[in-house]
Amino acid sequence: MFLNLFLTPFLATTFFIFALYPLAQKIGLLDMPSHRKRHERATPLIGGIAIYCSLWVTLFFYEGDLANQTAFIVAATLLVYVGVIDDYKEVNVKARLIFQVIAALIMVQFADIKITNLGNLLGFGNIYLDVYASTLFTVFAVVGGINAFNMIDGLDGLGGSISLVSLASIAILSGTAQDWMLFDYCIIFIASLAAFLLFNMRIFGRPHAKIFLGDAGSTLMGFTVCW
């Protein structure tokens, strides 16, 4: 079961990278070199799309439903959709934030994933948040997390590697706690990221990244880690 859960997204991501690569070059879904960027050639922004498509393939073959699967897919689809448009033709910052807030609200309202306790933050005992405060705080934190991952994706392998390490850490904790649904979520994305990094990192003698995550990928991974 574990092997299948890893191999399916790994192979699916690899397939979609090969399939989307020529299409991205044809339609111009490329990150062009400029004085603000370190890469020297137009690079396809297909990593996030490949990971997203592989998620659909994996869930098709997955036996059963993951926790809050529908809510996660809807929210992820919104972010990937806006991210692809932003990669192809820049989207207004306010519009991006609106969609990120909607994705966070789906997480809070439909999946009931929210921060309700800040712990003993000030040394006077645990700080508990009521329904409205927990919703606002969680949305703020998720939007911040999404954009943090988007901002760190500036060097070859950096965004993907940080996402991989984050999800691997969560996988270890969820496995220890025997939360197998959360563990399965992590494995799916770990496998997809492993496949992506084979094309994104400067390995096998490659002097440059072959593909990038794009805004679609960095926002998807930021949201997934927050979830």
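Q: Which residues make the nonpolar surface patch of about 290 Å²?

A: In general, patches join residues with over 30% relative accessible area and no salt bridge: like charges within 9 Å, nonpolar side chains (Val, Leu, Ile, Met, Phe, Trp, Tyr) within 5 Å. A salt bridge puts a side-chain nitrogen of Lys or Arg within 4 Å of a carboxyl oxygen of Asp or Glu, and accessible areas come from the Shrake-Rupley method with a 1.4 Å probe, with only the protein chains shown as cover for residues. Here, Leu-3, Leu-7 and Leu-11 make the patch. This is a predicted model, where local features need pLDDT of at least 70 and side-chain atom pairs count only at pLDDT 80 or more, while totals for chains, interfaces and linings use all residues. Residues are numbered from 1 along each chain as its sequence is written, and side-chain values use heavy atoms, leaving out hydrogens and water.

Q: Is Leu-11 buried or exposed?

A: Buried means under 20% relative accessible area, exposed over 50%, and partly exposed in between (1.4 Å probe, protein chains only). Leu-11 has 53% relative accessibility, so Leu-11 counts as exposed. Leu-11 is in helix 1; helices are DSSP runs (H or I, at least four residues), numbered from the N terminus.

Q: And why does Thr-14 count as buried?

A: Because its relative accessibility is 17%. Thr-14 is also found in helix 1. Setting aside neighbours within four places in sequence, Thr-14 is in contact (heavy atoms within 4.5 Å) with Ala-195 and Phe-199.

Q: What does Ile-51 touch?

A: Beyond residues up to four places away in sequence, its partners include Thr-13, Phe-189 and Leu-220.

Note on methods: Helices (H or I, at least four residues) and strands (E, at least two) are DSSP runs, numbered from the N terminus.
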